Amino acid sequence: MITKRTTHVTLWSLCLMVLAAASLIGISVNAFSSGNNSKTIIHESAEILRYEDGSPYIHDVLTNHTDQTITETQYGMLAFDADGTPLELYWNFLDSSAEQSFENLVRSKENILPGRTEEYRGGWSLYDGEANQAAYALVCLKQVVFEDGTVWDNPDYESWLSTYAGKETDAEELEAYYPHEYKRL
């Protein structure tokens with residue numbers, strides 16, 4: 001025989017179990033999401049833009065999905081023409097002793113807060129000495145320094161460099177490169 005008291009106790013127990021299960025699922029989903037977000041940095045894009053005179057430059061956008069402020073980055077840059085042919089450029093054309101190369105390694109100091117997306121303040125001019133034929137840019141983080149002094153060295157940087165630097169790359173692959181995600185280990 002079922003009494004009212006038993007029905008109320010059963011109903012309350014059932015409600016508590018449903019709430020507990022929903023809470024655990026919510027906590028698990030939240031922990032998973034924040035765990036993923038707290039360990040990644042994303043290069044949203046690295047576009048080839050043009051000055052008024054038509055000269056190309058790289059303008060890149062970085063999102064910090066870590067739990068710390070990024071204070072410094074070191075990253076490599078590569079450029080390709082519309083067919084995916086790598087370009088040897090004068091990356092620092094203001095320096096008369098600079099030579100052409102396929103890659104350029106840059107160190108930049110900035111403060112990118114957790115959860116923020118930042119566009120770099122300027123762009124890297126892409127001067128090839130001739131027709132300014134840059135159509136695509138690939139950018140890859142080599143190192144990131146955080147506000148607490150910890151340093152993340154990208155374990156995939158050398159592989160990235162050997163895959164793309166000075167190598168013909170299909171234009172479709174270059175177009176699909178961004179957003180490029182780095183997982184912080």
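Predicted model: local features only at pLDDT ≥ 70, side-chain atom pairs only at ≥ 80, totals over all residues.
Visitor: Why is the contact between the side chains of arginine 107 and glutamate 72 called a salt bridge?

Guide: The term requires a side-chain nitrogen of Lys or Arg within 4 Å of a carboxyl oxygen of Asp or Glu.

Visitor: Where in the chain do arginine 107 and glutamate 72 lie?

Guide: Arginine 107 belongs to strand S4 (residues 103-112) and glutamate 72 to strand S3 (residues 70-80). The two residues are 35 apart, and the pair links distant parts of the chain. Strands (E, at least two residues) and helices (H or I, at least four) are DSSP runs, numbered from the N terminus.

Visitor: What makes glutamate 72 count as buried?

Guide: Buried means under 20% relative accessible area, exposed means over 50%, and partly exposed lies in between, with a 1.4 Å probe and protein chains only. Glutamate 72 has 13% and is therefore buried. Arginine 107, at 44%, falls in the middle class and is partly exposed.

Visitor: How do you know that glutamate 72 also forms a salt bridge with lysine 109?

Guide: The closest N and O atoms of glutamate 72 and lysine 109 are 3.3 Å apart, which meets the rule for a salt bridge. This pair, too, links distant parts of the chain: glutamate 72 is in strand S3 and lysine 109 in strand S4, 37 residues apart. Lysine 109 has a relative accessible area of 61% and is therefore exposed.

Visitor: How many salt bridges does the rule give?

Guide: The count comes to 3. One of them joins lysine 183 and glutamate 181, with an N to O distance of 3.7 Å. Lysine 183, at 53%, is exposed, while glutamate 181, at 40%, is partly exposed. Salt bridges that share partners unite Glu72, Arg107 and Lys109 in one network.

Visitor: How many aromatic pairs does the model contain?

Guide: There are 6 aromatic pairs, one of them formed by tryptophan 152 and tyrosine 182.

Visitor: Why is the pair of tryptophan 152 and tyrosine 182 called edge-to-face?

Guide: Rings of Phe, Tyr and Trp (its six-membered ring) pair if their centres lie within 6.5 Å; planes under 30 degrees apart count as stacked, over 60 as edge-to-face and the rest as tilted. Tryptophan 152 lies in strand S8 (residues 151-153) and tyrosine 182 in strand S9 (residues 180-183), so the pair ties together parts that are 30 residues apart in sequence. Both residues are buried, tryptophan 152 at 7% and tyrosine 182 at 4%.

Visitor: Which residues form one aromatic cluster?

Guide: The cluster consists of Tyr157, Trp160, Tyr164, Tyr177 and Tyr178.

Visitor: How do you know that the buried residues of helix H2 lie on the same side?

Guide: In H2 (residues 157-164), the buried residues are Tyr157, Trp160, Leu161 and Tyr164. They cover an arc of only 95° around the axis, taken from the directions from the helix axis to the C-beta atoms, which puts them on the same side of H2. These residues pack against S3, S4, strand S7 (136-146) and helix H3 (171-175).

Visitor: Which residues touch the most other members of the largest nonpolar core?

Guide: A nonpolar core is a set of buried Ala, Val, Leu, Ile, Met, Phe, Trp, Tyr and Cys residues joined through side-chain atoms within 4.5 Å. The largest has 37 residues, and Ile41, Ile58, Leu78, Leu126, Leu138, Leu141 and Trp160 touch the most other members. Elements that give two or more residues are strand S1 (39-50), strand S2 (56-66), S3, S4, S7, H2 and H3. S7 gives the most, with 8 residues.

Visitor: What is the peptide bond from tyrosine 178 to proline 179?

Guide: That bond is cis, with omega near 0°. Proline 179 lies in the loop between H3 and S9.

Definitions and conventions: Residues numbered from 1 in each chain as written. Heavy atoms only, no water. Contact = heavy atoms within 4.5 Å.
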